[in-house]
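This briefing concerns the structure shown below.

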Amino acid sequence: MFAKRQSALAATAGTPPEDRARMSLDKALVTLKKPPVAAGAAGVFVLATAALFVSVFGDPRAALPSAQVEVQKATPISQVPTGMEAFSVSGLDLYQDLTGPDGLVLEGGDPGGEALITLPDGASVAGGLPLSAPVRAPSNPLAKAPLAGLYSPGPNGPVPRIASDGRVPAQAYARPFSSNGKPMVALIVGGLGLNAVTTRATIERLPAEVTLSFVPYADGLQAWIDMARAHGHEVMIELPMEPTGYPDNDPGPYTLLAEGGADDVETKMDWLMSRASGYFAMTNYLGDRFAGSDEGMSAMLTVLRQRGVAFVDDGTMRRRPGAFARASADRIIDEQQSPAAILGQLNALEAAAKTRGAALGTGFSYPVTVEAAARWTAGLEARGLQLAPASAITRRPGR
């Protein structure tokens, strides 16, 4: 192959180059005589003439008004859901928007921004928006429910009952606790089971001493409770109760109604209590109107007392005794969903515990709540307090 290329070059060596300019002119004249080419050339000539005119005399439209519009892709406005929206199935999409595949996002899902959290001891922690609290190893896993002797058949599964040997669910399903003499502070995080990402993060990233409450309508409820107990968390089930504005504010088909009567309350509670097993207590979801019903409240607390289950409310039913054991929250920590506001409520909870010896707070499983609670609990011991499960705050009526 190389020999043939060398012969071709040698054949042309020494011959003078052809007049390329002459050849190009002749070819161009022949080409321009073709009709399609001639038409194209004419068009080019007109455009060139117009360009020359503008360059000499200026743009004739220069004096006319003009405007430029920048088109931007619309960004959806993130919104933190209310407890009602997240508790109901209709609010699930809005709540899901707060999470991402790699973690949780705070402050309504806005990825840009940073919160400065000041702890009671004066230390400041810069809080990036993605959830940064580490996953915790399971701590003293609780036995898988149901426990022998503590249940009887119900509409959807086992319902709690007092065992023949006197054991009660309020104690058997509670997380074991021993006081070290320091002021006790307890925290409940609720609304769990509707959002898989948030529920898993809450179970895995909060200390085992934090009590978790679950929505009764959640799919796979027993599996979530089993997971929570395997990580050491004691759990509660939320009772939907009639709020002001019902039925516009509707917590679901098994809402306990103020005018429903004792039979209606007992029927609905049988369904709600059979949704899963392993909970030591039940808690209210909404219910300010139901709380005003003597008949309804009495029926609800009687069922819990007869079945050996505790009742822990969010602070709105403090004057209502009953159930096997009782407690009322001192503060709702996340009515304002910002790190600064939540830490302020937690700081106040600490102060109450140091004054009275014990205090109980409750909050919803907003990502910002989970993040703030994880950071806050990390320094409690150094600040002279003991983190306790909510069951340690409950008291038997008359004791």
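With which residue does D264 form a salt bridge? The partner is K268, and the closest N and O atoms of the pair are 3.2 Å apart. The model discussed here is predicted, and it holds 10 salt bridges.

**Salt bridges**

- D264 and K268 both belong to helix α9, where they are 4 residues apart, about one turn of the helix.
- D264 is partly exposed because its relative accessible area is 24%, whereas K268, at 11%, counts as buried.
- R289 and E242 also meet through their side chains in a salt bridge, at 2.4 Å from N to O.
- R289 lies in the loop between β10 and α10 (294-306) and E242 in the loop between β9 and α9, so this pair ties together parts that are 47 residues apart in sequence.
- R289 is partly exposed, with 40% relative accessible area, while E242 is buried at 5%.
- A further salt bridge joins R320 to D294, with 2.8 Å between the closest N and O atoms.
- This pair links distant parts of the chain, 26 residues apart: R320 is in the loop between β11 (310-313) and β12 (326-328), and D294 is in helix α10.
- R320 counts as partly exposed at 22% relative accessibility, but D294 is exposed at 54%.

**Negative surface patch**

- E259, D263, E266 and E295 form a negative surface patch.
- Of these residues, D263 is found in helix α9 (residues 261-273) and is exposed, with a relative accessible area of 61%.

**Strands and their pairing**

- Strand β10 (residues 281-286) has 5 of its 6 residues buried, so the rest of the structure largely encloses this strand.
- Strands β9 (residues 235-241) and β10 run parallel and are joined by 6 bridges; in one of these strands, β10, A281 is the bridge partner of M236.
- Strands β7 (residues 184-192) and β8 also run parallel, with 3 bridges between them, and I188 stands opposite T211 in β8.
- In a regular strand, side chains alternate between the two faces of the sheet.
- In strand β8 (residues 211-214), T211 and S213 point one way and L212 and F214 the other way, and all are buried.

- T355 is found in helix α11 (residues 339-356) and counts as exposed, at 68% relative accessibility.
- The C-alpha atoms of T355 and P183 are 8.4 Å apart in space, although the two residues are 172 residues apart in sequence.

Note on methods:
Residues are numbered from 1 along each chain as its sequence is written. This is a predicted model: local features need pLDDT of at least 70, side-chain atom pairs count only at pLDDT 80 or more; totals for chains, interfaces and linings use all residues. Side-chain values use heavy atoms; hydrogens and water are left out. Patches are made of residues with over 30% relative accessible area and no salt bridge: like charges are joined within 9 Å, nonpolar side chains (Val, Leu, Ile, Met, Phe, Trp, Tyr) within 5 Å. Accessible areas come from the Shrake-Rupley method with a 1.4 Å probe; for residues, only the protein chains shown count as cover. A salt bridge is a side-chain nitrogen of Lys or Arg within 4 Å of a carboxyl oxygen of Asp or Glu. Lys and Arg count as positive and Asp and Glu as negative; His and the chain ends are not counted. The place of a charge is taken as NZ of Lys, CZ of Arg, CG of Asp or CD of Glu. Helices (H or I, at least four residues) and strands (E, at least two) are DSSP runs, numbered from the N terminus. Buried means under 20% relative accessible area, exposed over 50%, partly exposed in between (1.4 Å probe, protein chains only). Two strands pair if DSSP finds at least two bridges between them.
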